[in-house]
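Grab your viewer and work through these exercises one at a time.

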Amino acid sequence: MMRLIIAKDYADVSRKAANIIAAQIHLKPDCVLGLATGSSPVGTYKELIAKYESGELDFSQVKTVNLDEYVGLTKDHNQSYAYFMRTNLFDHVNIDQANCNIPDGTNPDAAAECARYDAVIEAFSGTDLQLLGLVPNGHIGFNEPCDKFVNGTNHVKLADSTIDANQRFFERREDVPTHAYTMGIGSIMKAKRVLLVCNGKNKAQAVKDCFFGPIKPQAPGSILQLHPDFILVADEDALSLVKDML
Ligand code: GLP
């Protein structure tokens with residue numbers, strides 16, 4: 001079942017999402033959080049850091065499993081998701097980084113890396129709460145629109161639109177990685193709770209296609225309509241094309 005939380009703007013999305021994650025950590029201090037990268041969750045992470053700094057939150061027993069990583073980037077490359085997570089969250093809270101898992105983009109053996117990551121997720125029996133963003137083409141993690149939903153961790157060729165969208169972070173288009181390792185749709189769906197944050201008019205079409213239209217692998221996020229505990233936190237701009245359906 002989808003629960004929609006309407007936020008005023010990005011700051012409000014971030015506050016509301018951080019409150020839900022904080023509640024999860026309070027309820028189960030050793031919970032497993034599935035985490036995401038991109039601009040959407042940055043504000044949520046800032047709010048969580050503020051809660052840690054004020055003494056409200058303790059990350060010492062929290063474990064994390066990230067959604068995805070670019071193939072070919074080292075952990076220290078400033079566009080790797082490992083680097084993103086350290087700089088946007090892990091380095092600022094009391095989490096034990098030995099408990100933080102991200103696919104290894106430097107492993108050239110895709111089958112081995114996907115199997116290793118599936119075993120990591122399996123060992124945790126899935127995540128307690130999976131945080132997600134949504135991109136204009138509707139992908140979640142790096143599960144691009146295609147003709148079937150993929151279950152486990154997979155090695156994906158990024159869509160041209162994804163490479164275009166990510167080009168702003170690299171000097172040249174040729175520098176943008178063409179492949180990624182991503183947690184599969186099946187693993188995302190095994191999370192006990194899914195929390196998707198999104199804001200802005202450029203997400204409005206994806207919100208309409210994924211959450212107010214038919215469930216299909218061409219709109220990967222649409223599968224979340226089948227999740228028993230799916231919370232969408234979206235601002236008014238992101239909901240601008242579905243106003244009449246609310
Ligand atoms: C990448 C990640 C997605 C993430 C997106 C964020 O594509 N693979 O998991 O949701 O970036 O995009 P945005 O910057 O719009 O939040």
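**Exercise 1. Work out the strand order of the open sheet, and find which strands stand at its edges.**

Solution. Keep in mind that this is a predicted model. Start with the order: 7 strands make up an open sheet, running 1-10-9-6-2-3-5, and the pairing is parallel. Now look at the ends. Strand 1 (2-7) and strand 5 (100-101) each have a single partner strand, so one side of each has no neighbour in the sheet.

Next, check some of the pairings. Strand 1 and strand 10 run parallel and are joined by 6 bridges, with Ile-5 opposite Val-233 in strand 10. Strand 9 is linked to strand 10 by 5 bridges, again parallel; here Cys-198 has Ala-234 as its bridge partner. Strand 6 (residues 129-132) and strand 9 (residues 193-198) share 4 bridges and also run parallel, and Leu-132 sits opposite Leu-196.

**Exercise 2. Decide how enclosed strand 10 is, and sort its side chains by direction.**

Solution. Count first: 6 of the 6 residues of strand 10 are buried, so the strand is largely enclosed by the rest of the structure. Then sort them. Phe-230, Leu-232 and Ala-234 point one way, while Ile-231, Val-233 and Asp-235 point the other way.

**Exercise 3. Find the residues that touch the most other members of the largest nonpolar core, and the element that gives the most to it.**

Solution. The largest nonpolar core has 33 residues, and Leu-89 and Leu-195 touch the most other members. Elements giving two or more residues include helix 1 (10-27), helix 2, helix 3 and strand 10 (230-235). Helix 1 gives the most, with 7 residues. Another core, of 29 residues, lies apart from this one; Leu-67, Ala-219, Ile-223 and Ala-238 are among its members.

Zoom in on Leu-195. Skipping neighbours within four places in sequence, its contacts include Ala-17, Ile-20, Leu-131 and Val-233.

Now for helix 3 (residues 81-88): Tyr-81, Ala-82, Phe-84, Met-85 and Arg-86 are buried there. The buried residues of helix 3 pack against strand 2 (32-35), helix 2 (42-53), strand 3 (63-66) and strand 4 (68-70).

**Exercise 4. Which residues are closest to the ligand? Is Ser-40 buried or exposed?**

Solution. The ligand is surrounded by 13 residues, and the closest are Ser-39, Ser-40, Asp-68, His-139 and Lys-203. Go through the polar atoms next. A polar side-chain atom of Ser-39 is 2.6 Å from a ligand oxygen atom, and for Ser-40 the corresponding distance to an oxygen atom of the ligand is 2.5 Å. Asp-68 has a side-chain N or O atom 2.7 Å from a ligand nitrogen atom.

As for Ser-40, it sits in the loop between strand 2 and helix 2. Its relative accessibility is 7%, so Ser-40 counts as buried. Beyond neighbours within four places in sequence, Ser-40 is in contact with Tyr-10, Gly-133, Val-197, Asn-199 and Lys-203.

Methods:
Residues are numbered from 1 along each chain as its sequence is written. This is a predicted model: local features need pLDDT of at least 70, side-chain atom pairs count only at pLDDT 80 or more; totals for chains, interfaces and linings use all residues. Side-chain values use heavy atoms; hydrogens and water are left out. Buried means under 20% relative accessible area, exposed over 50%, partly exposed in between (1.4 Å probe, protein chains only). Contact means heavy atoms within 4.5 Å. Two strands pair if DSSP finds at least two bridges between them. A nonpolar core is a set of buried Ala, Val, Leu, Ile, Met, Phe, Trp, Tyr and Cys residues joined through side-chain atoms within 4.5 Å. A residue is near a molecule or strand if one of its heavy atoms lies within 4 Å of it. A polar contact is a pair of N or O atoms within 3.5 Å; within protein, one must be able to donate a hydrogen and the other to accept it, and residues adjacent in sequence count only if both atoms are side-chain atoms.
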